[in-house]
Amino acid sequence: MEICDELRSFEATGVYRLDGTGATFLDPVRLLNGSYQRFRVVPSAYYSRSFEPPPRQVGDLETEQPEKRRKRKRNQKPKPRELNAMERIAEARHQEARPLLLSAHESLIKDKQLLEYLSKTTDGKEHTPDAGSVSENNFVELGTSWRAPFYEITICFRKPHILGNWEGSFDVQKTSFSLFNSIINVEAIDEAEGEFQNRHYILPRESCFLMTDFKHVRDLIPGRSNQGYNLIVVDPPWENGCVRQKEAYPTLPNRYLLYLPVKELAHPSGALLVLWITNREKLWVFVEQELLPTWGVKDPTVFYWLKVKPDGSLIGDLDLFHHRPYECLLLGYINVNTDAKQGSNFKLLEGSQVIMSVPGAHSRKPPLEKLLSEYIPGPKPPRCIELFARELFPGWTSWGNEPLHFQDSMYFAEK
């Protein structure tokens, strides 16, 4: 089968533009692997989430005797619950987005070449040696321990040997850093390797991270304004009953976000802010009426992340009220006059777009820099930061209480 130019480009970049809809399909593994020279993300470790229905238990309707099943069906007549005022607004918001989402998904289903390619790339059976066999470090618990100020991470850097020849020879330097409340820069020509409590971590070149709780977030503010950031991604641990029930990660009271120093982090020549938000209407009201005005963001544009299975089908019913198979991103500018003539070095946001990908672990989002590069104002390459990060990217600053979470070597293999 002949491979089309777009698919060939997708193999190289991890970004696939679908014809006619403005929708984009992303391959997060391919995007991430562009960040590494000596290691690669293992697809089976990234796509560890199962989309199969859980095995049936004793007592399920299908395993009960037919007469009991019929009786239960006669007794079960669920009445549709009337939506309250907030839920009606949320439903109206969903109905407004629905045609765009359906159009994007239809364009994916029609692209047989892409679907065939996907089934091969996500169906890997390769596993890293310790995948699933050892428990990972819980940085949230470690960071709140009385021992936190004494924890150190040892990082092994490879640097060119001063007297080395053109073929390349390296000095290996090991340095220990305070793991918490300390800004750590990975100044190396390629990825570095960290060791902490018998776990191994792969750190992208020129990445920077600060592992702290909310009290120390202002340590990120640059010393000079021209060191500000042009792309600011915020993925808050929104208050959510489902998350609390699963104990997936600790949540944060929404009003705490008002005190994030987003304005101080933004580059004076302009910054694109990206905020991940759930589908709860209460959050939308808070974000639109309080949070974005406090941060100095005006007229945000909505993007949608539509989650699909490896066969292209949605991970759930599009109209299921409390479990929509999509999340939203609000994008807007800081320190940019969007009413003025567009700058020559970036493109202004124009209307909503749909991003599709196969999701990884719970709450893990696809990388966005390559997709959004044309919309980022200011100098090139842009300076980028992620708040509430759970992984690292080359050239990025990452802050949160677990930015090393997905840097564990169990997600990687050597090239």
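Trainee: Which strands does helix H1 lie across?
Mentor: In this predicted model, helix H1, made of residues 5-13, lies across S1 and strand S2 (24-26), and its direction runs at about 155° to S1.

Trainee: And helix H10, what does that one touch?
Mentor: Helix H10 (residues 281-295) packs on the sheet, where it touches strand S10 (231-234), strand S11 (271-277), strand S12 (298-307) and strand S13 (326-334), and its direction makes about 160° with that of S11.

Trainee: How many strands form that sheet, and in what order?
Mentor: The open sheet is formed by 11 strands in the order S1-S2-S14-S12-S13-S11-S10-S15-S16-S9-S6, with mixed pairing.

Trainee: Which are the edge strands?
Mentor: They are strand S1 (15-17) and strand S6 (183-185), each of which pairs on one side only.

Trainee: Changing topic, which residues have the most contacts inside the largest nonpolar core?
Mentor: That core has 98 residues, and those with the most contacts inside it are Phe25, Ile232, Leu260, Leu272, Leu273, Trp295 and Leu387.

Trainee: What does Phe25 touch?
Mentor: Not counting residues up to four places away in sequence, Phe25 touches a set of residues that includes Phe10, Tyr16, Leu108, Leu114, Leu118, Val308 and Met356. There is also a second, separate core of 20 residues, and among its members are Ile153, Leu179, Leu203 and Leu404.

Trainee: How many disulfides does the structure hold?
Mentor: The structure holds zero disulfides.

Trainee: Is Cys208 buried or exposed, and what about Cys384?
Mentor: Cys208 counts as buried because its relative accessibility is 9%, and Cys384 is buried as well, with a relative accessible area of 1%. The cut-off for buried is under 20% relative accessible area.

Trainee: One more, Thr301: where is it, and is it buried or exposed?
Mentor: Thr301 sits in strand S12, and it counts as buried because its relative accessibility is 13%.

Trainee: Which residues is Thr301 in contact with?
Mentor: Leaving aside neighbours within four places in sequence, Thr301 is in contact with Leu329, Leu330, Leu331, Leu349, Gly351 and Ser352.

Note on methods. Residues numbered from 1 in each chain as written. Predicted model: local features only at pLDDT ≥ 70, side-chain atom pairs only at ≥ 80, totals over all residues. Heavy atoms only, no water. Pairing = 2+ DSSP bridges. Helix = DSSP H or I, 4+ residues; strand = E, 2+ residues; numbered from the N terminus. Contact = heavy atoms within 4.5 Å. Axes fitted to C-alpha atoms, helices over the stretch in contact; angles between N-to-C directions. Core = buried A, V, L, I, M, F, W, Y, C linked by side-chain atoms within 4.5 Å. Buried < 20%, exposed > 50% of the residue type's maximum accessible area, 1.4 Å probe, protein only. Disulfide = S-S within 2.5 Å.
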